[in-house]
Amino acid sequence: MAITNMEIENGVQETHQTKLSTDDSKKSFIAKWWLLLLNIACTATGAIGGPLLIRLYFNHGGNRKWLPAWLQTVGFPMHAIPIVILYSRRTPGAKFFASPKLLLCAAVIGVFAGLDNFMYTLGLSYLPVSTSSLLLATQLAFTAFFSFIIARQKFTPFSINAVVLMTLGAIVLGLRSAGDRPAGVTGAEYMLGFILTIGSAGLLGFMLPVTEVTYAKATKAITYSIVLQFQFFLALFATIFCTIGMFINKDIGAIPREASKFGLGPTKYYLLLASSAVVWQLMFLGIMGTIFCTSSLFAGVVNATLLPITQIAAVIVYQEKFTGEKGMALALSIWGFTSFFYGAYKDSKTQKAKEVETAR
């Protein structure tokens with residue numbers, strides 16, 4: 001059968017369109033990986049720097065409990081900068097703004113985030129950074145549990161192993177709780193800090209899959225600009241929650257007095273507050289962006305993987321005691337991380353093999 005010029009032209013056009021589609025797909029894939037790496041870097045900055053700055057605040061005379069919690073989200077206006085940039089570069093006619101329902105969900109989650117920040121801060125005021133970070137490693141176990149219930153993510157033998165190991169790590173720390181108690185902290189306060197930190201890890205483990213499900217059930221496609229708007233409203237309402245606590249506890253009026261008595265001087269006091277606000281906001285923005293690029297469970301894994309680095313940094317910067325119990329808990333945590341990552345790697349290979357079989 002003779003092939004006409006029209007058929008040849010159509011074939012060439014189809015081949016060209018297929019090539020363009022493949023190129024666009026590759027560019028989109030690479031862009032998403034760069035976005036994921038950027039979000040992981042933001043998470044790392046906050047997860048490592050945030051606790052060290054809070055401990056610095058308490059070590060040199062800071063004693064307000066609501067103020068450090070407030071600092072973890074008060075930097076939310078900085079999200080307006082990328083939102084404005086993305087708005088100026090939007091495609092004409094494309095939907096840019098998040099739906100009111102999605103922003104309402106962000107507000108509710110924000111109230112939980114404010115409570116979580118207060119629990120974490122109060123717990124850290126009674127614990128060394130290294131102990132607090134080890135306890136926060138249980139957040140991965142809580143995330144896996146709530147992801148199974150809320151987001152319907154399946155448990156595997158590897159994820160179960162990780163949960164058990166991290167739980168054992170927290171138990172090991174709890175059995176010998178007096179060995180690294182900071183000066184001036186009573187046994188009751190140390191135990192309160194222990195309980196509050198575990199509670200904070202559990203609440204964060206709950207919020208991550210709730211955020212993932214909120215994204216999944218959104219009426220419109222979730223873009224990165226919508227993620228930024230979501231985080232903006234979440235942090236706004238977390239800040240409002242902590243601001244109310246500050247007014248009740250009279251923290252706002254106490255700031256000038258505390259600055260004048262701060263061990264490093266008033267200038268460094270205010271610099272510490274400002275840098276804390278920026279560093280913590282980078283972490284929360286990074287977590288939300290990681291959920292957008294992957295899943296809540298992966299965001300939990302990234303956050304938990306950074307905790308051993310925070311522990312080592314605390315030991316180096318503040319010369320905190322690294323007891324045998326902490327060493328054992330750290331080993332169990334690393335074992336748990338390794339188990340989880342290996343399981344995720346095997347699942348990824350299995351999924352790719354299935355996709356190849358389906359394509360055939």
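Helices are DSSP runs of H or I with at least four residues, numbered from the N terminus. In the predicted model, T290 is placed in helix α11, which covers residues 266-293. T290 counts as buried because its relative accessibility is 1%, and the cut-off for burial is under 20%. A polar atom of the T290 side chain lies 2.7 Å from the backbone oxygen of G286. Leaving aside residues up to four places away in sequence, T290 is in contact with L36, N39, I40 and T43, and also with S295, F298 and A299.

The largest nonpolar core holds 66 residues, of which L67, F230 and Y269 touch the most other members. For L67, the contacts beyond four places in sequence are Y57, M246, D251, I255, E258, Y269 and L273.

Helix α13 spans residues 307-318 and has 12 residues. The distance from its first C-alpha to its last is 16 Å, close to the 16 Å expected at 1.5 Å a residue. Within α13, the buried residues are L307, P308, T310, Q311, A313 and A314. In an α-helix there are 3.6 residues a turn, so residues three or four places apart point the same way. After α13 comes Q319, which has a positive phi near 50°.

Definitions and conventions:
Residues are numbered from 1 along each chain as its sequence is written. This is a predicted model: local features need pLDDT of at least 70, side-chain atom pairs count only at pLDDT 80 or more; totals for chains, interfaces and linings use all residues. Side-chain values use heavy atoms; hydrogens and water are left out. A nonpolar core is a set of buried Ala, Val, Leu, Ile, Met, Phe, Trp, Tyr and Cys residues joined through side-chain atoms within 4.5 Å. Buried means under 20% relative accessible area, exposed over 50%, partly exposed in between (1.4 Å probe, protein chains only). Contact means heavy atoms within 4.5 Å. Helices (H or I, at least four residues) and strands (E, at least two) are DSSP runs, numbered from the N terminus. The expected span of a helix is 1.5 Å times one less than its number of residues. A polar contact is a pair of N or O atoms within 3.5 Å; within protein, one must be able to donate a hydrogen and the other to accept it, and residues adjacent in sequence count only if both atoms are side-chain atoms.
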